[in-house]
Amino acid sequence: MQQIRAATPAEAFWTFDPFALVQPNDPWHSNIDAKFDRTRYGVIAQFTRRLSPQKGSPEFVHLGIVGHKGTGKTTQVRQALADLSTQGVHAVFIDALSSLDQADLSLADIVLVIARSVVNALAESQVDIPKAQSDLVELWFAEELLTETHRKEIVGTVLTEAKAEGGIPFLAKLTAKVTGVLKSDNEYRKEIRRQAERDPADLVRRANALLDAAATAISLASGEKRRIAVVLDNLEKLNDRQVDAAVLRRADELRQLRCHLVLFFDPAAQYAPITVQASQAFDIVTVPMLPIRERGDAADHVTDPATAAIRELLDKRVDLAQVFTQPDGCVRAAARLSGGRLRDVFHIARLACELADPDKVTPQHFETAARKLKGERLTLATPAHWPRLAEIHRDKQVANDPSDALLLLHSLVLNYNGEPWWDVHPFVRLDDRFTVAWKNITPITP
């Protein structure tokens, strides 16, 4: 997508795409992290502090990023890693949604996909590893993970057509062929898992041999010591029970990997876990909502720093004076109605543009857009949820139970930083069912 700065509501409809991936150097990128005090936000600072090589710091850091979908986790992590690239960190990104089976996940799947992705990163950088290590990776993927029959059927084509290339180009094709089977439902997959997981320590040892060789090769090519940082993005969008079983409960093995490892978790993994709390498995950085207000502020209050941050976010994409009739009122409406959830800023603004076109957008268009989106979002709430939502709005706390986990998962309840606290999404407060539940709730006594 061309990242233009829109001058009409029709153009703005596309520039407000809530799912657009914005890279650190893109025209739409805004360093929101720098707008807030570290005690209220400071995501990039926390991330960078952990991965920056310092005297006394561990060689490798295994880190969890906890946050709702749509809070800008990917953008912030990419920004931090772009900054860390000057400090010897070489990032390898993996999209968990496209690389792993969303319904059936194992430790072996994760380790093998990490190995494949590191090999791909070497191929893209045109960096090779010594033949001895290359032969070990080939032995691992082509011989030890497969029976002879499966080897002929799965990697036969690669072995006959790509072997002449040798080195990393060959390994890239080989590892892609084998790990591609991990998203299928057949005997090949069962055999690979059986072989890979028969000895978890050996599985990690083989992955580490590759990671060490890759880090050495990248360091030699760049002329400086570099460490690999593997980022498993979108992991929080997979089935939470699968993530619990394959990641959180297998943290001891994953923490043995000789690379920085960054894993994305949804808030329920930390605040309403199934078995293992994310912070008990990995060091954690939380990506909260933008700090639009403090815990004791009125529900519709929006702080000036939050308003300024969202103004810059929108201004990067549209000429505010050309698209909005009252830029200040529209920006404040976007901040207030989104609850500080970045993706909802764009959802609301985009629909407001669609409602206004061809005229300019007014604050009332934002209100109308929020009510329409509210109707769509709140289909996820059951009748039993409304009293609980009222309690959360009153108490600013969540509980470790499946009901609250569901509310967190679908962003009907949002988390804020400082001393962590929670509140319902502004969409919830727009609903008549919440109004009834709020009238019937027992108020807090001083």
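This is a predicted model: local features need pLDDT of at least 70, side-chain atom pairs count only at pLDDT 80 or more; totals for chains, interfaces and linings use all residues.
User: Which residues of α19 are buried, and what puts them on the same side of the helix?

Analyst: Pro363, Phe366, Ala369, Ala370, Leu373, Lys374 and Arg377 are the buried ones. They cover an arc of only 145° around the axis, so they lie on the same side of α19.

User: What do the buried residues of α19 pack against?

Analyst: Their partners are α17 (327-338), α18 (342-356) and α22 (426-429).

User: Why is Gln79 called buried?

Analyst: Gln79 belongs to helix α3 (residues 73-84). Buried means under 20% relative accessible area; Gln79 has 11% relative accessibility, and therefore counts as buried.

User: What makes the pair Gln79 and His29 a polar contact?

Analyst: The cut-off for a pair of N or O atoms is 3.5 Å, and the side chains of Gln79 and His29 are joined at 3.1 Å. His29 is also among the residues that Gln79 contacts beyond four places in sequence, together with Pro24 and Ile44.

User: What is the volume of the largest pocket, and which residues are closest to its centre?

Analyst: Its volume is about 640 Å³. Of the 33 lining residues, Ala20, Gly72, Thr74, Thr75 and Arg343 are closest to the centre.

User: Which element gives the largest share of that lining?

Analyst: Helix α3 does, with six residues. The elements giving two or more residues are α3, β2 (89-95) and α18.

Terms used: Residues are numbered from 1 along each chain as its sequence is written. Side-chain values use heavy atoms; hydrogens and water are left out. Buried means under 20% relative accessible area, exposed over 50%, partly exposed in between (1.4 Å probe, protein chains only). Helices (H or I, at least four residues) and strands (E, at least two) are DSSP runs, numbered from the N terminus. The arc is that of the directions from the helix axis to the C-beta atoms. Contact means heavy atoms within 4.5 Å. A polar contact is a pair of N or O atoms within 3.5 Å; within protein, one must be able to donate a hydrogen and the other to accept it, and residues adjacent in sequence count only if both atoms are side-chain atoms. On a 1 Å grid over the protein atoms alone, a cavity is a set of points where a 1.4 Å probe fits but cannot get out, and a pocket is an open set with protein on both sides within 12 Å along at least five of seven lines; lining residues have an atom within 4 Å of a point. Grid points are joined across faces, edges and corners, and a volume is the space filled by probe spheres set on the points.
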